[in-house]
Amino acid sequence: MYTLKSLAKPFHVNFEITSRCDFKCNFCSARLLESQRTDLPTKDVLKIISNLASENIYSIFLTGGEPFLREDLPKIVEHCINCGMNVTLSTNGANVSKKDAELIAKAGLDEIQVSIHGDNKIHDKIVGLDGAFKYSMRGLQNLIDAGITTTVASVATLENHESLPYLARKVAEMGVSYFRVLRLMTHSQNMLNDLVPHNDMITLVKKLMDIEEENRNISISVTTSPGFLELMSDHRQQYKILHPLCHTCTAGKVAMGIFSDGDCTPCVELRDAKFVCGNLLKNSLSEIWNSKPMSLQRLIYPDMYHGKCGDCKWKWSCYSARCVAYNIKGDILDDDVSCYCFLNSESGTGGFR
C-alpha cells in the first residue's frame, strides 16, 4: 500500500536562498522567529540545487529574504533551469531594475511572484520602508516589460484588506496575470488581532470575484484561515476564487523547506531548532527526508489533533496547517487558533458544530 509514510521524497521544496531583506514585514516568519542565518556562497547553492535535481526534485520555489539582493541570482535561476527544474521566484520587487529583469529573463525565468501588500501608504507601513510601494511597482513593471509572467501576492490583514481590491485592479491594468491573496500565518497570540474578521473576508472575496469578472486577463485566488467556508456551508459554490487547498498542511508530507545556510525543515514556518532535519551540504536527501522530525510530519493525521480541532467535524476536509498550533500553543497537535470556527466559538457567535 502506498502511503505518505512510505513517500520516498518530496514533490516540492521552498528554498530561502538568502536571509537578507530590506523590508521589515511584521508577519514575516524569517524576521520574527530567528536571528539572521548565514547565506551560502554561490557554489554551495548550486551544489544543493544539483543534489535536488539528482534526486528528481523538479519543483522549486526560490525565496528569502529578498533574492534580488544576491548578485548571483541569474546564475542560480539558470542552474535550476539547466537541471530541468520548474522554478518560481518570489521577490518584493523593490530592487529589480530594468537590467535585473532582463538578466533574470535571459537566465530563463518565465514566472515570478511579487509581494505587494496594499496601496501606497499601507504597503509602506506594513513593510517598514517609506517609498516601498513606488519601488515595488517600478520593479513589477520592469519584470512585465521583460516578458516574465507575473503574479502579485498580498498577505491579507486587518490593516490592508480594504485596499486589496484597489491593488488588484491596478495590477490587472498593468498586465499582471495572477493576483493571490495569502493567508496570514499567525506566529504569536498578538498576531491573532491582525486577522481579517470573517464578515470582512466575505466582503473582500466578493469584491475580488467581481474584479476577476471585469478583468478577464487576470486570475485571482484567495487562501484564508480554516473555517471560512465551513461557517457558510449552504453557500460554498459562490466562492469560486477560493483556493481548493486553502490551509492543507504539506509540511514533511509532500514538501519541505531549506534555509539560507542549507539546513532543512518540514516547513519554513517551523523554524524552531527541534525541526531541523539536517543540512543538504552534509546529509543526503534520503537522510533528511527520513529523519525523525521530518517523518513524524507524515504520521500526523486529523484524528490525532487535540482540543476543538480534534473534535471538529470538518477536520478531514480542513487538514489545517500545524505550524500555527505549534508557534502559538507549543504543540503541533493542538488547536489552530486562527481558524474562523475557533474564533467564532471563542466569541460566542457559533463555530464548531
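Colleague: How are α2 and α3 oriented to each other, roughly parallel or roughly perpendicular?

Modeller: They pack at an angle of about 20 degrees, with axes 10 Å apart. α2 and α3 are therefore roughly parallel to each other. Under 35 degrees counts as roughly parallel, over 145 as roughly antiparallel, 65 to 115 as roughly perpendicular, and the rest as oblique. Axes are lines fitted to C-alpha atoms, for helices over the stretch in contact, and angles run from 0 to 180 degrees between N-to-C directions.

Colleague: Before we go on, what are we looking at?

Modeller: This is a predicted model, in which local features need pLDDT of at least 70, side-chain atom pairs count only at pLDDT 80 or more, and totals for chains, interfaces and linings use all residues. Residues are numbered from 1 along each chain as its sequence is written, and side-chain values use heavy atoms, with hydrogens and water left out.

Colleague: Back to α2 and α3. Which residues make the contact?

Modeller: From α2, Thr42, Val45, Leu46, Ile49 and Ser50; from α3, Lys75, Ile76, His79 and Cys80. Contact means heavy atoms within 4.5 Å. By class there are five nonpolar, three polar and one charged. Here Ala, Val, Leu, Ile, Met, Phe, Trp, Tyr, Cys and Pro count as nonpolar, Asp, Glu, Lys and Arg as charged, and the others, Gly among them, as polar.

Colleague: Is the α2 and α3 crossing left-handed or right-handed?

Modeller: Right-handed. A crossing is right-handed if the near helix is turned clockwise from the far one by less than a right angle, and left-handed if anticlockwise.

Colleague: And which strands do those helices lie across?

Modeller: α2 (residues 42-54) lies across β1 (12-16), β2 (59-63) and β8 (255-258), at about 175 degrees to β1. α3 (residues 73-82) lies across β2 and β3, at about 175 degrees to β2.

Colleague: What is the strand order in the sheet?

Modeller: β7-β6-β5-β4-β3-β2-β1-β8-β9, in an open sheet of nine strands with mixed pairing. The edges are β7 (219-222) and β9 (264-265), each pairing on one side only. Two strands pair if DSSP finds at least two bridges between them.

Colleague: How many bridges join β3 to β4?

Modeller: Three, between residues 86-91 and residues 111-115, and the two strands run parallel. Ser90 has Gln113 of β4 as its bridge partner.

Colleague: How many helices in the protein?

Modeller: There are 14, along with nine strands. Helices (H or I, at least four residues) and strands (E, at least two) are DSSP runs, numbered from the N terminus. The C-alpha trace spans about 55 × 45 × 35 Å along its principal axes.

Colleague: Other helix pairs. How do α5 and α6 cross?

Modeller: At roughly 100 degrees, with the axes of α5 (residues 120-127) and α6 (residues 132-145) coming within 7 Å. They are therefore roughly perpendicular to each other. Asn120, His123, Asp124 and Val127 of α5 meet Ala132, Phe133 and Ser136 of α6.

Colleague: What about α4 and α6?

Modeller: The axes of α4 (residues 98-106) and α6 come within 8 Å and cross at roughly 40 degrees. That makes α4 oblique to α6, and the crossing is right-handed. Lys98, Ala101 and Ile104 in α4 meet Asn142, Leu143 and Asp145 in α6. This contact divides into three nonpolar, one polar and two charged residues.

Colleague: Last topic, the backbone. Where is the cis peptide bond?

Modeller: Between Gly64 and Gly65, with omega about 15 degrees. Gly65 lies in the loop between β2 and α3.

Colleague: And what is phi of Asn56?

Modeller: Near 65 degrees, a positive value in a residue other than glycine. Asn56 lies in the loop between α2 and β2. Most residues other than glycine have a negative phi, and most peptide bonds are trans.
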